[in-house]
Amino acid sequence: QSALSPREAALIARRDAVLGASYRLQYRQPVHFVRGEGMWLYDPDDRPYLDFYNNVPSLGHCNPEVNAAMAEQAGRISANTRYLEPQLVDYAERLVATFPTGIDRVVFTCTGSESNDLALRIARLYSGNEGVIVSDYAYHGTSAAVAAVSPNLGDAVVLSPNVRMVSLPGPAGVPEAQAAAFFEAQVRAAVEDLNRRGIGVAALLIDSIFSSDGVCVDPPGFIAGGVAAVREAGGLLIADEVQPGFGRTGSHMWGFERHKVVPDLVTLGKPMGNGFPIGAVVGQREPLDRFGNTARYSNTLLSNTVGIATANAVLTILQRDRIQQNALAMGQRLRAGLEKIAQQQPGIRAIRNAGLFFGVDMGGEDMAPHTQRAFALDVVNTLRDDGVLVSTTGENEDALKVRPPLICEAEHVDLFLAAVERALAKVADARNQGLK
Ligand code: PMP
């Protein structure tokens, strides 16, 4: 591992002097990138890094076709939605066509946080209730309202008194056969408590692959009873598709489809513009109409024509190039490769995935949680030194979070697997040295 160069050290000092303290650099030795292309990011010395972390550029970094659509529109007109403009309607029609029957209305936003913020407003207005149920380590975004329902932020925020957390079967160690009953019981208890206190339930707000809870994807369908419990009490299901949406789960375009539920509201963001800030709330007509007819919602930059042209190009490529099917195939290849490594080398405790979103528990069963966490961090940094980007997730931050752009090919998966083998061996070696 080389030392930080004077160029990077100077840049870090300048960042620290001018940026708000909330900025954090990733890795023990931060990386400096100057360009991206497809699956790769390049540092100033033109060293390539294989990106198995960034899920926003689903169609690859600097996708030329997406960029051409963006530039072309920026050169023609960038206007808001109070003028007639066919592309907005074209895109909205194409987007809702990817959803199950009944979900046929869309309101655009600029980010995932705004989408969740708006969805909460809609659910509260529609249900007449205030309570929100989320998973134990959920993250739903940055605005005051969504941060207040994001326990993942820990001590950094004061959670709303109207929020209730529910545990997930996987992290609670509940066997798959009892997962659905366990989840439903958790939700029913939360609903009862909200009702008892006169708060009522406005929504169950969930990311269906529970990415910040450690990627808790299985068994498919386990959330259905909990959803029914919320609906019986007059609340809505908001599916936060910021992470699983747009084909990442491989088996479906939308993560909630794995669970065979139809949400009232669906929130979108991240990969929708492949890096251009655009998001949406897609939903059933009644709550969206009730909200639109009662409250005011306008957002200066929502569905500006450049964002819409970009999102239109993204959806075209997703469908034309069968990106979701690729995510399924590459997810299977990656899973099989990780399972093989887990049999041959110590260091992998469990592998969870839906398509190209993986949580891979690190360390040995016999290790204490803080050692498992340190092990995961060592692997992430060793991979970074080897030119491969991933991060961690879960309550204990001991699972590798692996979510490459969806255009990834077999050769990238194989490069990644070889790097994981090397990293596990290196980290295990270093630990053995340390223990001697
Ligand atoms: N929901 C989930 C599940 C997320 O992971 C995130 C971002 N990490 C958001 C919402 C917020 O999206 P944004 O940062 O675009 O506002």
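A: H3 and H9 are oblique to each other, a word kept for angles that are not under 35 degrees (roughly parallel), over 145 (roughly antiparallel) or 65 to 115 (roughly perpendicular). The model is a predicted one, in which local features need pLDDT of at least 70 and side-chain atom pairs count only at pLDDT 80 or more, while totals for chains, interfaces and linings use all residues. Residue numbers start from 1 along each chain as its sequence is written. Helices (H or I, at least four residues) and strands (E, at least two) are DSSP runs numbered from the N terminus.

H3 spans residues 86–96 and H9 residues 305–320; they pack at about 40 degrees, and their axes are 9 Å apart. Axes are lines fitted to C-alpha atoms, for helices over the stretch in contact, and angles run from 0 to 180 degrees between N-to-C directions. The crossing of H3 past H9 is left-handed; that is, the near helix is turned anticlockwise from the far one by less than a right angle, and clockwise would be right-handed. From H3 the contact takes in Gln 87, Leu 88, Asp 90, Tyr 91, Arg 94 and Leu 95, and from H9 Thr 305, Ile 308, Ala 309, Ala 311, Asn 312 and Leu 315. Contact here stands for C-beta atoms, placed from the backbone, within 7 Å of each other.

H9 also packs against helix H2 (residues 64–76), at an angle of about 155 degrees and with the axes 8 Å apart. H2 and H9 are therefore roughly antiparallel to each other, and H2 passes H9 in a right-handed crossing. On the H2 side the residues are Glu 65, Val 66, Ala 69, Met 70, Gln 73 and Ala 74, which meet Thr 305, Val 306, Ala 309, Thr 310, Asn 312, Ala 313, Val 314 and Ile 317 of H9.

H3 lies across S4 and strand S10 (279–284), running at about 130 degrees to S4. Both strands belong to an open sheet of seven, ordered S4-S10-S9-S8-S7-S5-S6, with mixed pairing. Its edges are strand S4 (103–109) and strand S6 (163–166), each with a single partner strand, so one side of each has no neighbour in the sheet. From one strand to the next the twist averages 20 degrees. Two strands pair if DSSP finds at least two bridges between them. Within this sheet, strand S8 (residues 236–240) and strand S9 (residues 265–268) run parallel and are joined by three bridges; Asp 240 has Thr 267 of S9 as its bridge partner.

A second sheet, also open, has four strands in the order S11-S12-S15-S14, with antiparallel pairing. Strand S11 (348–354) and strand S14 (391–393) are its edge strands, each pairing on one side only. Neighbouring strands in this sheet are turned by 30 degrees against each other on average, direction ignored. Helix H10 (residues 323–344) packs on this sheet, where it touches S11 and strand S12 (357–362), and its direction makes about 170 degrees with that of S11. S14 and strand S15 (residues 399–402) run antiparallel and share three bridges; Thr 392 is partnered there by Leu 400 of S15.

H10 also has a helix partner: its axis comes within 10 Å of that of helix H12 (residues 410–435), and the two cross at roughly 25 degrees. That angle makes H10 roughly parallel to H12. Met 330, Arg 333, Leu 334, Gly 337 and Ile 341 of H10 are in contact with Ala 410, Val 413, Leu 417, Val 420, Glu 421 and Leu 424 of H12. This crossing is right-handed.

The whole chain has 12 helices and 15 strands. Its radius of gyration is 22 Å, close to the 22 Å that the globule rule gives for 436 residues, so the chain is as compact as a globular protein of that length. The radius is taken over C-alpha atoms, and the rule is 2.2 Å times the number of residues to the power 0.38. Of contacts between residues at least 6 apart in sequence, 73% join residues at least 24 apart. Of the 436 residues, 49% count as buried, with 20 or more other C-beta atoms within 10 Å of their own; 12 or fewer is exposed, and in between is partly exposed.

Technical notes: Contact = placed C-beta atoms within 7 Å.
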